[in-house]
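Here are some friendly exercises to work through with the structure open. Try each task yourself before you read its solution.

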Amino acid sequence: MDTNYLKDILQQVEGRQMTVNQALEALKNLPYEDIGYANIDQHRNLRTGRAEVIFGEGKTPEQIAGIVKHMMKTNARILVTRADQEDYNMVLKEAPQANYIETARIIAVGEKPEPVQTDGAIAVLTAGTSDIPVAEEAAVTAEYFGNRVDRIYDVGVAGIHRLFDKLDRIKDADVIIVVAGMEGALASVVGGLVEVPVVAVPTSVGYGANFGGLAALLSMLNCCANGVGVVNIDNGYGAACLASKIHIGK
């Protein structure tokens with residue numbers, strides 16, 4: 001339930017266009033709505049400033065579409081992460097206006113908002129091209145949360161001159177998300193070059209000794225640069241949530 005929905009109810013009650021009982025009926029799903037296979041946290045937007053986001057992986061297309069259907073009643077924008085084409089096809093039956101951002105594996109219902117701030121941005125960096133899907137999950141999420149995003153991809157330490165060529169753009173950012181697999185060294189390098197917070201995202205990209213991202217995760221946790229925080233492996237969504245709270249406070 002987003003704040004605009006709640007404000008509209010309160011204004012209608014104040015203007016006597018809606019009775020108190022009608023308002024109570026409209027708010028009956030607070031704090032959550034039980035639809036059998038899911039308890040939808042309709043109150044989360046009011047508590048945290050951000051509506052519940054649907055994690056698509058492990059859910060059936062029918063379950064995802066059902067959750068979207070119920071959330072659409074009170075939320076102007078809905079995101080489904082880790083979604084595939086089959087999930088999208090099912091969601092379209094409930095939300096014909098939905099878009100599927102394939103690289104990010106995100107289904108978005110509702111228009112992307114204008115950035116809350118007219119200047120400043122979250123910079124999203126990747127070490128390599130193979131890290132782009134996780135980076136796009138972060139970038140798209142951040143944009144739908146009202147942030148301006150600057151994408152700077154394939155600037156890893158194997159060719160560090162590529163990073164230095166983009167330093168002006170990187171240093172202009174208010175917060176930086178660094179997405180890297182293999183040994184995850186890019187986060188340490190960037191953290192030692194900038195004065196803003198860095199959110200590091202280890203990815204599962206790499207050969208066997210990468211251990212599905214564990215090597216990059218441990219490397220980032222052992223970062224010697226100051227001001228670097230680390231989220232879970234492949235967690236572009238979580239990185240965007242943290243960066244957004246740093247950038248615009250929500």
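**Exercise 1. Find which residues are linked with Glu57 in a network of salt bridges, then describe one of the pairs.**

Step 1. Glu57, Arg82, Arg105 and Glu137 make up the network. A salt bridge here is a side-chain nitrogen of Lys or Arg within 4 Å of a carboxyl oxygen of Asp or Glu. Keep in mind that this is a predicted model, where local features need pLDDT of at least 70 and side-chain atom pairs count only at pLDDT 80 or more, while totals for chains, interfaces and linings use all residues. Residues are numbered from 1 along each chain as its sequence is written, and side-chain values use heavy atoms, with hydrogens and water left out.

Step 2. Take the pair arginine 105 and glutamate 57: their closest N and O atoms are 3.7 Å apart. Helices (H or I, at least four residues) and strands (E, at least two) are DSSP runs, numbered from the N terminus.

Step 3. Arginine 105 is partly exposed, with a relative accessible area of 35%, and glutamate 57 is partly exposed at 41%. The classes are buried (under 20% relative accessible area), exposed (over 50%) and partly exposed (in between), with a 1.4 Å probe and protein chains only.

**Exercise 2. Which residue forms a salt bridge with glutamate 143, and is glutamate 143 buried or partly exposed?**

Step 1. The partner is lysine 112, with the closest N and O atoms 3.1 Å apart. This pair links distant parts of the chain, as glutamate 143 is in helix H6 and lysine 112 is in the loop between E6 and E7, 31 residues apart.

Step 2. Glutamate 143 has 13% relative accessibility and therefore counts as buried. Lysine 112, at 43%, is partly exposed.

Step 3. To place this pair in the whole, note that a search of the structure finds eight salt bridges.

**Exercise 3. Give the order of the strands in the open sheet of five strands, and find what lies across them.**

Step 1. The order is E8-E7-E9-E10-E11, with parallel pairing; two strands pair if DSSP finds at least two bridges between them. Strand E8 (149-152) and strand E11 (228-230) are at the edges, and each has a single partner strand, so one side of each lacks a neighbour in the sheet.

Step 2. Look inside the sheet. E9 (residues 175-180) and E10 run parallel and are joined by five bridges. Isoleucine 176 stands opposite valine 198 in E10.

Step 3. Helix H6 (residues 132-144) lies across strand E7 (122-126), E8, E9 and E10, at about 170° to E8. Helix H11 (residues 236-248) lies across E7, E9 and E10, at about 165° to E9. Axes are lines fitted to C-alpha atoms, for helices over the stretch in contact (heavy atoms within 4.5 Å), and angles run from 0 to 180 degrees between N-to-C directions.

**Exercise 4. Why is E10 described as largely enclosed by the rest of the structure?**

Step 1. Count the buried residues: five of the five in E10 are buried, so this strand is largely enclosed.

Step 2. Follow the side chains. Val198, Ala200 and Pro202 point one way, Val199 and Val201 point the other way, and all are buried.
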